[in-house]
Amino acid sequence: MMKTSFRDEELLADVIARLIGDVRHVAVGNASPIPATAALLARERGKGRPYVSLLQSRKHNFFTDGGRELFDCAGQGRIDVFFLSGGQIDGQGNVNLVSIGEYERPKVRFPGSFGSAYLYYVVPKVILFRTEHSRRTLVPKVDFVSAPGTNDKNVFRTGGPIGLVTNRCAFTFADGRFKLASVHPGHTLEEVVENTGFEFDRPRSVSETPAPTPETLKLMREVVAPQLAEVYPQFAAQVFSVGQPAFSR
Amino acid sequence: MFQPAKSIDDVIGQIADGCMLVVPREVSGVPMAATRALIRRGVKRLHLVALPTSSLQADLLIGAGCVETLETSAVSLGEFGPAPRFSAAATAAAIKIKDATCPALHAALQASEKGVPFMPLRGLIGSDILKYRDDWKIIDSPFGSDDPIVLLPAIKPDVALLHAPMADRLGNVWIGRQRELATMAHAAVKTVVTVEKIYDGNLLDDPTLAAGTLPGFYVESIVVAERGAWPLGLPDFYAADAEHLALYARMAATEAGFAEYLDKYVYEKRAA
C-alpha cells in the first residue's frame with residue numbers, strides 16, 4: 001500500500017478523532033486547532049454525527065444564548081467530549097494554564113484557565129493534548145492546578161481526563177494515573193521515557209500508533225481544512241495551505 | 001426621546017477612575033474605539049472584569065497603565081500568541097489578577113442579574129483558582145448529602161461597556177446572539193454602548209429584531225462609532241483585522257514597541 005507522508009498535526013488529529021468515539025456532542029474551546037480538526041473529521045466520517053461546537057465559530061456553533069451556553073450545556077450533561085491542554089500537565093492529570101513559579105509574582109504567566117476548572121469536572125471524556133512533549137511540559141507536579149485530574153469521592157464530578165495525546169505518543173488515563181497506549185511512528189519508547197517528567201504505567205509490549213490512512217488525510221486536507229479556516233485561519237494556512245496567513249512564523 | 005451622544009468622549013464620562021468596568025469577550029464585539037478614547041483620557045485604577053476572556057482590549061488597557069485589578073479567566077491574542085502587556089504585568093506583579101474560570105464569571109454576573117448575593121457552580125473544588133479566591137466560598141448543599149458546592153458572590157459592575165451593530169433613538173440596542181451582553185447590562189449599574197449605526201425605527205416593533213434586542217430601559221447612553229470594534233471583529237458584520245493584530249503582537253512585545261503603538265494608533269500622533 002502506498003504510504004502518504006503526513007504532518008505531526010495530522011497524526012495527532014487522527015488519533016484524537018479515534019478517541020472521540022461514537023458520541024452525540026463534541027465541544028472545542030479556545031486555542032485548540034488540532035482538536036477542532038479531529039472533531040470536524042469525526043463529524044465528516046460520521047456523516048453529520050456528532051454535533052460539533054467550536055467555541056469561537058459562528059458556522060460550527062448552534063448556541064444562541066451567548067458565551068455561557070457552552071458551560072450550561074455541559075452542566076446539563078449534554079457535552080460528551082472536550083479537550084484541554086496546559087503549560088504543564090502532571091502525572092495525576094492536573095493541568096496548569098496559569099503560571100510557573102510563585103503565583104503572586106510568577107516566572108512565567110500563561111493566558112489563564114479558560115473554562116477548564118469547570119468543564120474538566122462535567123464532561124465525561126476530556127482528551128488532553130500537548131504538541132510539545134518534554135520534561136518542561138509533562139512534569140511530576142504542576143506549579144498551579146487550574147483543574148485537578150481527580151477529586152475525593154464526595155465531590156460532584158461526572159467527568160474528567162481519559163487520555164493524553166502528544167507529538168510522541170498517546171496515553172490513556174484511569175484511576176489517577178497515565179498508561180502508555182502507543183508510540184507514534186518515528187518515535188521510540190526510550191524517547192518517551194526520557195522526555196516525560198512524570199511516572200506512568202506501560203504495557204508489556206508497546207504498540208505503534210497507526211498512521212493516518214490516505215483516505216483520512218484526503219478528508220482532512222480537502223474537506224476539514226477549509227472548515228477550520230474560519231476559526232483558525234493561521235493554522236489552516238500553515239498546516240494545510242488553506243487561505244493566506246497574515247504573517248509567517 | 002433618547003438622544004445618541006455626539007461623541008465617544010461624552011459617553012465615556014460615565015466610566016470613572018477606579019470603577020468596576022465589565023467588558024465583552026474578544027469575539028462578541030469589543031468596544032475598541034471607546035477603549036482608545038478611555039486611554040487618551042488617561043483613565044486610571046480600573047477594576048476590569050472581562051466576560052469571561054479578553055485579548056487586545058485588556059492588553060492595551062493594562063499596557064497603558066489604566067488597570068489596577070483584572071478579573072478574567074484568560075487573556076491571550078489567540079492565534080497571534082500570548083498577550084504581551086498582560087504577561088509582563090503579571091510577571092512584574094504590576095496589577096492584581098483575580099483569576100477565574102469562564103462559567104464562574106457568567107454565574108457571578110447572573111447573580112447580580114437576579115438580584116441575589118451569590119450563584120452556585122459545579123467544578124472548582126481542588127483547583128488552585130479556588131484556593132486563591134478567598135471571596136469564593138464552599139458550602140454543603142442544603143439539598144444534598146455531603147455535597148460540597150462552590151458559591152460565587154455577585155459581581156455588580158459600575159459600568160458595562162459594549163459595542164453592537166445598531167441601536168434606535170429609544171436606546172434599544174440590537175445585540176443578536178450575544179446574549180451575555182444583556183446579562184452585563186442587567187447586572188451593571190450603568191450601560192454605555194457604541195454602535196455601528198442608528199436604526200431608523202423601533203427595534204422592539206419587529207418581532208424578529210426584538211428577539212435580539214436589549215431594551216433601552218437598561219441603557220444609559222449610546223454613541224455611533226463606525227468600525228467601533230476594529231481591529232477586532234463584530235460577529236456577523238465584519239471579521240477581525242488579522243494583519244493589524246499581527247502588527248500589534250509584534251510591536252507590543254516590548255515596552256518601546258508598545259509605546260510606539262500607542263503613539264501611532266491610540267494617540268494618533270503624526271510623525272515629526
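The following legends describe close-up views of a predicted model.

**View 1. Chain B as a whole.** Chain B contains 10 helices and 14 strands. Its radius of gyration is 19 Å, close to the 19 Å that the globule rule gives for 272 residues, so chain B is as compact as a globular protein of that length. The C-alpha trace of chain B spans about 65 × 50 × 30 Å along its principal axes. Of the 272 residues in chain B, 52% are buried. When contacts in chain B between residues at least 6 apart in sequence are considered, 72% join residues at least 24 apart.

**View 2. The contact of chain A with chain B.** Chain A contributes 42 residues to the contact, and chain B contributes 44 residues. On the side of chain A that touches chain B, at least two residues are supplied by each of α3 (69–75), α4 (116–122) and α7 (233–240) of chain A. The largest share of this side, 5 residues, comes from α4(A). Classed by residue type, the side of chain A that touches chain B has 22 nonpolar, 13 polar and 7 charged residues.

**View 3. The largest nonpolar core.** In soluble globular proteins, nonpolar side chains tend to be buried together. The largest nonpolar core of this model holds 166 residues, of which A:Ile16, B:Leu48 and B:Met184 touch the most other members. Both domain 1 (8–117 + 154–266) and domain 2 (118–153) of chain B give residues to this core, so the core lies between them.

**View 4. The surroundings of B:Leu48.** B:Leu48 is one of the residues that touch the most other members of the largest nonpolar core. With residues up to four places away in sequence left out, B:Leu48 touches B:Leu21, B:Val23, B:Ala58, B:Leu61, B:Val67, B:Leu70 and B:Glu71.

**View 5. An open sheet in chain A.** Three strands of chain A form an open sheet with the order β5-β4-β9 and mixed pairing. The edges of the sheet are taken by β5 (95–96) and β9 (138–139) of chain A, each with a single partner strand, so one side of each is left without a neighbour in the sheet.

**View 6. The pairing of β4 with β5 in chain A.** Strands of a sheet pair through backbone hydrogen bonds, either parallel or antiparallel. Strand β4 (residues 88–90) of chain A and β5(A) run antiparallel and are joined by 2 bridges. Within this pair, A:Ile89 of chain A stands opposite A:Val95 in β5(A).

Conventions: Residues are numbered from 1 along each chain as its sequence is written. Chains are lettered from A and ligands numbered from 1 in the order in which they are written. This is a predicted model: local features need pLDDT of at least 70, side-chain atom pairs count only at pLDDT 80 or more; totals for chains, interfaces and linings use all residues. Two residues are in contact if their C-beta atoms, placed from the backbone, lie within 7 Å. Helices (H or I, at least four residues) and strands (E, at least two) are DSSP runs, numbered from the N terminus. Ala, Val, Leu, Ile, Met, Phe, Trp, Tyr, Cys and Pro count as nonpolar, Asp, Glu, Lys and Arg as charged, and the others, Gly among them, as polar. The radius of gyration is taken over C-alpha atoms; the globule rule is 2.2 Å times the number of residues to the power 0.38. A residue is buried if 20 or more other C-beta atoms lie within 10 Å of its own, exposed if 12 or fewer, and partly exposed in between; C-beta atoms are placed from the backbone. A nonpolar core is a set of buried Ala, Val, Leu, Ile, Met, Phe, Trp, Tyr and Cys residues joined through C-beta atoms within 7 Å. Domain bounds come from an automatic or database domain assignment. Two strands pair if DSSP finds at least two bridges between them.
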